[in-house]
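Hello,

Here is the structure you asked to have passed on. Please look through it first; my notes on what was found follow below.

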4 protein chains.
Amino acid sequence: MRETTLSLKERQRQQREELILQTAAEVLLEKGYHEMNMEEVAARVGIAKGTLYLHFPRKEDLVLALLEQQMQDILQSVHQAAIAPGSVRSRLECLLQISYTRMKGQRGRILYALFGAVELRPLLRERHHTLFEQFSTILERLIDEGKSSGEFDTAIPTSIMLHTFTSLLASYSFKRLILDDTVSPDELVRYVGQIFFRGVANPLHVSEA
Amino acid sequence: MRETTLSLKERQRQQREELILQTAAEVLLEKGYHEMNMEEVAARVGIAKGTLYLHFPRKEDLVLALLEQQMQDILQSVHQAAIAPGSVRSRLECLLQISYTRMKGQRGRILYALFGAVELRPLLRERHHTLFEQFSTILERLIDEGKSSGEFDTAIPTSIMLHTFTSLLASYSFKRLILDDTVSPDELVRYVGQIFFRGVANPLHVSEA
Amino acid sequence: MRETTLSLKERQRQQREELILQTAAEVLLEKGYHEMNMEEVAARVGIAKGTLYLHFPRKEDLVLALLEQQMQDILQSVHQAAIAPGSVRSRLECLLQISYTRMKGQRGRILYALFGAVELRPLLRERHHTLFEQFSTILERLIDEGKSSGEFDTAIPTSIMLHTFTSLLASYSFKRLILDDTVSPDELVRYVGQIFFRGVANPLHVSEA
Amino acid sequence: MRETTLSLKERQRQQREELILQTAAEVLLEKGYHEMNMEEVAARVGIAKGTLYLHFPRKEDLVLALLEQQMQDILQSVHQAAIAPGSVRSRLECLLQISYTRMKGQRGRILYALFGAVELRPLLRERHHTLFEQFSTILERLIDEGKSSGEFDTAIPTSIMLHTFTSLLASYSFKRLILDDTVSPDELVRYVGQIFFRGVANPLHVSEA
DNA sequence: CATGAATGAGTGTTCATTCAT
DNA sequence: TATGAATGAACACTCATTCAT
């Protein structure tokens with residue numbers, strides 16, 4: 001019973017923390033890092049400023065937690081996509097799908113807002129770097145697998161493929177396209193997949209598609 | 001004679017304005033929009049804060065002028081590339097070349113810094129939209145020309161090609177690659193060109209490359 | 001039996017209160033009145049902030065209790081010294097001894113820390129005044145005794161002697177000397193005694209020293 | 001004429017700075033370092049908070065300037081007293097006179113208020129130390145001169161005399177006595193001088209007093 | 001009684017903007 | 001026209017105090 005009580009409190013605490021993060025994300029998207037002020041975040045959550053500081057002792061911490069959440073979320077997706085069955089192409093398309101779908105939602109745009117604040121860069125860089133390394137490593141392995149299996153053109157360096165893919169995965173242009181409902185995420189995946197995979201295809205390989 | 005005097009003054013004024021813009025660009029890149037303060041810009045230019053305000057009555061105006069300049073600059077490049085002789089591919093590759101080369105330089109990074117400041121977006125959006133429309137129009141015509149000439153696959157919608165191209169043109173991933181000297185702009189143009197143009201190539205067309 | 005239980009509880013309560021006071025004294029010395037925060041005091045004592053407030057409903061009260069304790073402590077010493085046998089000089093030297101020895105210890109420095117906080121003065125003043133009156137009264141009687149017995153020069157007003165003595169008793173300069181181990185309390189007593197008692201000696205009196 | 005204009009502005013600036021320092025001193029004495037807030041200082045001076053920060057970029061700087069002013073002031077007095085003609089006793093009495101007279105005025109109490117703020121100590125210590133060293137050096141020389149000339153008892157170490165004198169010079173007890181108008185500075189000098197100089201007198205020397 | 005989560009008033013500091021000279 | 005001193009709104013963060021559990 002003691003345990004239940006504790007975990008109840010703890011659960012409530014985590015629920016509120018999650019609420020704070022969601023709210024902060026909203027404000028961040030509306031106003032950017034600088035215009036987001038702690039008072040307003042607190043007010044929107046419905047708590048006092050002091051309470052907000054109990055959860056996140058610095059504005060930076062709040063924003064860093066947001067970053068962490070997003071990054072973990074993304075890394076998770078990448079992991080799952082990477083270990084899915086099927087061709088490398090299908091797995092990478094799955095990633096495109098996830099990314100484009102997220103663009104419609106709020107969460108997909110937080111990273112943009114965060115990286116916008118130049119003064120946060122030093123802070124973000126380190127954590128971002130670590131996760132980005134993991135992210136890159138997974139994708140590189142996937143691409144190399146595609147090369148080994150004969151799907152991809154071995155003449156194109158893996159790092160080029162990786163960054164080309166990344167450019168298409170996290171593209172501001174596509175984000176606008178999707179937010180304006182000019183294309184659906186599904187369509188976009190189809191077309192971008194078509195272009196990219198034709199582009200990196202092994203010229204000698206007979207695609208099953 | 002009155003006119004000459006005026007135009008001399010006017011010329012000096014414009015020279016100073018240009019200097020202000022250059023300086024502002026520097027500071028913007030170093031510190032981002034919020035950390036860039038009017039005092040410092042004025043000091044670096046070597047004028048008083050009040051004088052700075054004679055040229056740009058709000059901080060926003062300064063930054064908007066910077067945006068305008070950059071956009072015009074880009075539009076100019078796009079124009080020139082568009083009317084150059086040669087295949088559509090060669091002309092688009094020329095654009096990639098310009099973009100990647102600019103990434104190494106300061107000026108190419110200003111737009112990133114500007115768009116980073118979420119709170120500027122409403123301001124930027126309008127002007128940006130107009131210029132982006134022009135930019136898009138030119139590229140769309142180019143792409144359509146490529147489709148007509150048989151270079152490009154007509155099955156892929158022009159807007160998709162446009163935004164895919166744009167994603168590769170102004171890619172944060174590539175910017176990092178280039179700033180880290182992992183690839184030269186030239187190499188990058190070659191590889192990205194290869195991937196993109198294979199990707200959008202007309203399957204029936206025999207490339208001259 | 002009820003009584004015993006209560007007094008047990010009461011004893012525990014007083015023990016804790018004493019612990020709080022000791023801890024508060026430590027923090028006060030380390031950080032001064034303002035930097036001393038209730039949270040830290042509670043944490044160091046090992047109780048919750050709320051519990052601390054059960055004992056001392058305001059920060060001021062805590063600090064006032066500390067003052068009281070110190071003052072009573074000092075008053076006690078003065079009392080004992082005053083009723084000791086021997087010459088007035090020997091009794092006053094005993095007080096010097098006590099004071100200088102205390103300077104090495106923590107407790108002797110608390111009053112300095114407290115009086116340092118100018119904003120506490122109104123609060124301290126009243127209580128301090130009462131106790132200081134008592135303190136003064138005792139010393140004045142002692143000095144007058146010294147005058148009657150022929151030890152001290154009756155031409156010097158008692159209040160002057162008192163405050164001169166007090167200046168030497170609670171001197172910041174001597175505190176530094178002693179904390180830096182430049183002199184030992186014993187030595188200091190000897191020299192200061194020599195100077196002061198020569199200074200106030202009855203010119204006609206043949207000292208026994 | 002240019003020069004005159006500049007020096008006029010500069011003079012006004014310094015006048016205001018002096019006004020700020022005076023005001024800050026007042027507030028400091030009334031409320032202590034922590035309760036003194038920049039807003040109020042500015043308001044009392046009749047300027048905006050921002051203007052205050054043009055003169056003193058940190059609260060600390062304001063308070064440090066105050067310290068400097070006081071210390072220089074004191075050092076100045078000590079210097080002048082030290083080089084005055086007459087016996088060492090008369091010169092030291094002159095210092096007592098200055099100190100006790102200052103106690104009536106506001107300025108004499110600022111150092112007490114400043115040293116009260118424990119958190120300022122590290123800041124103050126360094127500067128204070130330097131000046132205190134100078135102060136001590138001058139007084140030590142004076143005391144040694146008194147010993148050489150036969151005025152003072154060579155059996156008492158110079159440092160003891162110095163600190164005893166300092167204790168009497170800057171005594172909180174005497175400050176109260178003077179602020180309460182219990183004694184006049186003049187009287188106090190006479191009595192304290194009598195006590196101290198009898199106390200440190202060379203037993204073999206025939207005083208001219 | 002004991003707890004510690006919640007509160008919100010208070011304050012140092014920055015900086016875009018104005019305006020008298 | 002050019003200046004830069006003056007302004008004051010804005011904001012992160014702290015901490016004494018309260019009170020529901």
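**Contacts between the chains**

The contact between chain A and chain B takes 31 residues from chain A and 30 residues from chain B. Please keep in mind that this is a predicted model. On the chain A side, at least two residues each come from α1 (2-35), α6 (110-116), α8 (158-169), α9 (172-179) and α10 (185-200). The element that gives the most is α10(A), with eight residues. Sorted by class, the side of chain A that touches chain B has 14 nonpolar, 13 polar and four charged residues.

Chains C and D also touch: 30 residues of chain C are in contact with 31 residues of chain D. At least two residues each of the chain C side are supplied by α1 (2-35), α6 (110-116), α8 (158-169), α9 (172-179) and α10 (185-200) of chain C. Here α10(C) gives the most, with eight residues. The classes on the side of chain C that touches chain D are 13 nonpolar, 13 polar and four charged.

Ser173(B) is a residue to look at in the viewer; it lies in helix α9 (residues 172-179) of chain B. Within chain B, Phe152(B) is 21 residues away from Ser173(B) along the chain, and the C-alpha atoms of the two are separated by 26 Å.

**DNA strand F**

There are 29 residues around DNA strand F, and those that come nearest are Asn37(A), Gly50(B), Thr51(B), Gly50(D) and Thr51(D). The elements that give two or more residues to this surface are α2 (38-45) and α3 (49-55) of chain A, α3 (49-55) of chain B, α2 (38-45) and α3 (49-55) of chain C, and α3 (49-55) of chain D. By class, the surface near DNA strand F has eleven nonpolar, eight polar and ten charged residues.

An unreviewed UniProt entry places a "DNA-binding region" at residues 37-56 of chain A. In the model this span is 75% helix and 0% strand, and its end C-alpha atoms lie 13 Å apart.

**A helix pair in chain C**

How are α5 (residues 88-104) and α7 (residues 121-148) of chain C packed? Their axes are 9 Å apart, at an angle of about 150°. Angles over 145 degrees count as roughly antiparallel, and α5(C) and α7(C) are therefore roughly antiparallel to each other. Val88(C), Arg91(C) and Leu92(C) of α5(C) make the contact with Leu142(C), Glu145(C) and Gly146(C) of α7(C). Those residues divide into three nonpolar, one polar and two charged.

Most residues other than glycine have a negative phi. Asp181(B) has a positive value, near 60°, and phi of Asp181(D) is near 60° as well. Asp181(B) is found in the loop between α9 and α10 (185-200) of chain B. Asp181(D) lies in the loop between α9 (172-179) and α10 (185-200) of chain D. With 8 C-beta neighbours inside 10 Å, Asp181(B) counts as exposed; Asp181(D), with 8 other C-beta atoms within 10 Å, is exposed too.

Regards

Terms used:
Residues are numbered from 1 along each chain as its sequence is written. Chains are lettered from A and ligands numbered from 1 in the order in which they are written. This is a predicted model: local features need pLDDT of at least 70, side-chain atom pairs count only at pLDDT 80 or more; totals for chains, interfaces and linings use all residues. A residue is near a molecule or strand if its C-beta atom, placed from the backbone, lies within 6 Å of it. Helices (H or I, at least four residues) and strands (E, at least two) are DSSP runs, numbered from the N terminus. Ala, Val, Leu, Ile, Met, Phe, Trp, Tyr, Cys and Pro count as nonpolar, Asp, Glu, Lys and Arg as charged, and the others, Gly among them, as polar. Two residues are in contact if their C-beta atoms, placed from the backbone, lie within 7 Å. UniProt positions are given in the numbering used here, feature names are shortened, and annotations may be inferred rather than shown by experiment. Axes are lines fitted to C-alpha atoms, for helices over the stretch in contact, and angles run from 0 to 180 degrees between N-to-C directions. Angles under 35 degrees count as roughly parallel, over 145 as roughly antiparallel, 65 to 115 as roughly perpendicular and the rest as oblique. A residue is buried if 20 or more other C-beta atoms lie within 10 Å of its own, exposed if 12 or fewer, and partly exposed in between; C-beta atoms are placed from the backbone.
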